[in-house]
Amino acid sequence: MEKRKIILSGVKPTGTPTLGNYIGAMKNFGKLQEQHKDDLFVFFVADLHALTTPQDPKELRKDIKDVAALYLACGLKEENLILFLQSEVVEHVQLSLILEGMTYMGELERMTQYKDKKQKQVEGISSALFTYPVLMAADILLYDADLIPIGDDQVQHLEITRVIANRFNNRFGETFTVPEGITVKTGARIKDLQDPSIKMSKSAPNQKGCIYLLEPINSIKKKIMSAVTDNLGQVKYNEKKQPGIANLMTIYSSLTNLSFKEIEKKYLGKGYGEFKKDLAEIVAKEIEGVQKKYNELINSEYLKNLLEKGKIEASKLASKKINKVYKKVGLK
Ligand code: TYM
């Protein structure tokens, strides 16, 4: 019999997840679960990762709970799922420190996400922001995860995880599974609605460019209607010449499963107004569904119990693995 695969991912609770998080990652988790019924899904709220930049403690507490509820609201089911808070399983930190000992400064300096953030955050770059990819590697390797569903911006972090895993295995003997990433064909990098040259992100300079999963539906529609386009007046997929429209078409395609060609045909000879209005309805309907489920879950005993169970199950796997690692490196 084939070995049960481990499928693992995390979302950072720095504010409410965005439409980018949803399309590039969260909406696909439930579908993957249907395709991998015999495999194990290890999903967590990456709350320690949130602390790499300054957070308000009260807001962080709320965001952590929100992300946990949103995982389920976006489609993850409790069967074959371990859902937990990263900070409740201390082994993540233990492994991270060990892996830091075999990760080079130069490797971390090359991480584009770090370079971007460093550029934007004028003062106070924390050392944790720098070593962030190592914590992410620890998250993954601790569970011997095989498949990591992520958006485009995490691919480089997965690459360094593979490098670290191979390095450890070469030095101490076969210890970690070397993971593989899964990215969606359409929507792995949703762009900002006001500036399609940057990705949609919670730290966007202009809040009008970013849609949040828990924002009022009317405000979501307004943001779609005021998304930047161009003056060519044709719904056509051309990332270079029409980056705004290409981004909106990507959102459209990933929520309807219509191909770019089909969308182009549908809006042939029609203006951007009609296209945007339809898209606003499509996004609104999708997010309304997510919000409805979120509201049912957020204060439920069900969620609380699931996280409690998740913590116990994750800790069991993690402590076994860290024991092995301690032995390999000579701490035990
Ligand atoms: P985070 O919280 O920034 O994002 C969560 C997931 O959403 C994807 N994503 C996007 N996809 C498409 N378009 C966008 N604009 C967009 N923005 C974000 C991300 O690629 C990600 O898959 N370091 C991770 C969290 C993490 C993790 C892990 C993930 C911690 N440990 C282990 C996988 C495995 C992060 O900050 O993601």
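A cavity, on a 1 Å grid over the protein atoms alone, is a set of points where a 1.4 Å probe fits but cannot get out, whereas a pocket is an open set with protein on both sides within 12 Å along at least five of seven lines, and lining residues have an atom within 4 Å of a point. Grid points are joined across faces, edges and corners, and a volume is the space filled by probe spheres set on the points. The model shown in every view is predicted, so that local features need pLDDT of at least 70 and side-chain atom pairs count only at pLDDT 80 or more, while totals for chains, interfaces and linings use all residues. Residues are numbered from 1 along each chain as its sequence is written, and side-chain values use heavy atoms, with hydrogens and water left out.

View 1. Rolling a probe the size of a water molecule over the atoms shows where empty space is left. A search of the whole structure finds one cavity of 30 Å³ or more, and the volume of the largest cavity is about 50 Å³. Its lining is made by Met-111, Gln-113, Tyr-114, Lys-117, Leu-129, Tyr-132, Pro-133 and His-157. Two elements, helix H6 (112–120) and H7, each give two or more residues to this lining; helices (H or I, at least four residues) and strands (E, at least two) are DSSP runs, numbered from the N terminus. By class the lining has five nonpolar, two polar and one charged residues, where Ala, Val, Leu, Ile, Met, Phe, Trp, Tyr, Cys and Pro count as nonpolar, Asp, Glu, Lys and Arg as charged, and the others, Gly among them, as polar.

View 2. Several polar contacts (pairs of N or O atoms within 3.5 Å) can be followed here. A polar backbone atom of Lys-12 is 2.7 Å from an oxygen atom of the ligand, and a polar side-chain atom of Tyr-132 lies 2.5 Å from an oxygen atom of the ligand. A polar backbone atom of Ile-190 is 2.8 Å from a nitrogen atom of the ligand. Taken alone the ligand exposes 710 Å², and the protein buries 98% of that, with areas from the Shrake-Rupley method and a 1.4 Å probe.

**View 3. The second largest pocket.** This pocket has a volume of about 470 Å³. Among its 21 lining residues, those closest to the centre are Lys-27, Asn-28, Lys-31, Val-184 and Lys-185. Both H1 and H10 give two or more residues to the lining, and the largest share, eight residues, comes from H1.

**View 4. Two aspartates in one loop.** Asp-144 is in the loop between helix H7 (127–141) and strand S4 (147–149), and Asp-146 is found in the loop between H7 and S4. Asp-144 has a phi near 50°, a positive value in a residue other than glycine. Asp-144 is buried, with a relative accessible area of 18%, and Asp-146, at 16%, also counts as buried; buried means under 20% relative accessible area, exposed over 50%, and partly exposed in between (1.4 Å probe, protein chains only). A polar side-chain atom of Asp-146 lies 2.8 Å from the backbone nitrogen of Ile-6.

Key
Polar contact = N/O pair within 3.5 Å; in protein donor to acceptor, adjacent residues only side chain to side chain.
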